[in-house]
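Here is a friendly briefing on a single chain, meant to be read with the coordinates open beside you. Have a look at the model, then follow the notes by topic.

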Amino acid sequence: MEYRHMENERGCYCGLWQTNPATLTEQGVPPGFCGICERCGQPGHTRHFPGPVPVTGSWCDRCYGIVAWQGRALRLAIPAAVLIIAVIYLLLR
Ligand SMILES: [Zn+2]
Ligand SMILES: [Zn+2]
């Protein structure tokens, strides 16, 4: 038994192993995990996307780091794009 999963610091759905393990075994998820990674197909954890969009998905720890980085980049890209459009608008006036 791994206690770090019991504490659920990831904010993932590993609690399903206590409440509804059939949901996980039907999906072929091995014990200690609660999802299959969308990027690489390895066992991972189902959790909220760490970016500006309200999406829940499954990622292994390695891919979650990549997705989190992309989420941060996306959050910075939106104000940057607005700024660029504003500058272009001012220049063309
Ligand atoms: Zn989990
Ligand atoms: Zn992965």
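**Fold and contacts at a glance**

In this predicted model, residues 24 or more positions apart account for 17% of the chain's contacts with a separation of 6 or more; two residues are in contact if their C-beta atoms, placed from the backbone, lie within 7 Å. The chain has four helices and three strands, where helices (H or I, at least four residues) and strands (E, at least two) are DSSP runs numbered from the N terminus. Along the sequence they follow the pattern α-α-α-β-β-β-α.

**How to read the numbers**

- Residues are numbered from 1 along each chain as its sequence is written, while chains are lettered from A and ligands numbered from 1 in the order in which they are written.
- Because the model is predicted, local features need pLDDT of at least 70 and side-chain atom pairs count only at pLDDT 80 or more, whereas totals for chains, interfaces and linings use all residues.

**The sheet**

- The three strands form an open sheet in the order β1-β2-β3, with antiparallel pairing; two strands pair if DSSP finds at least two bridges between them.
- β1 (35-36) and β3 (56-59) are the edge strands, each with a single partner, so one side of each has no neighbour in the sheet.
- Two bridges join β1 and β2 in the antiparallel sense, and I36 stands opposite P43 in β2.
- This pair makes a hairpin with six residues between the strands, and G41 in the turn has a positive phi of about 80°.
- β2 (residues 43-48) pairs with β3 over four bridges, again antiparallel.
- Along that pairing, R47 stands opposite G57, and H48 has T56 as its bridge partner.

**Q42, in the loop**

- Q42 lies in the loop between β1 and β2.
- Beyond its neighbours within four places in sequence, Q42 is in contact with C37 and C60.
- V29 is 13 residues from Q42 in sequence, and their C-alpha atoms are 9.4 Å apart.

**Burial and the core**

- Buried residues make up 20% of the chain's 93 residues.
- V29, C34 and W59 touch the most other members of the largest nonpolar core, which has 13 residues; such a core is a set of buried Ala, Val, Leu, Ile, Met, Phe, Trp, Tyr and Cys residues joined through C-beta atoms within 7 Å.
- Leaving out residues up to four places away in sequence, W59 touches C37, E38, R39, G44, H45, Y64 and V67.

Notes
A residue is buried if 20 or more other C-beta atoms lie within 10 Å of its own, exposed if 12 or fewer, and partly exposed in between; C-beta atoms are placed from the backbone.
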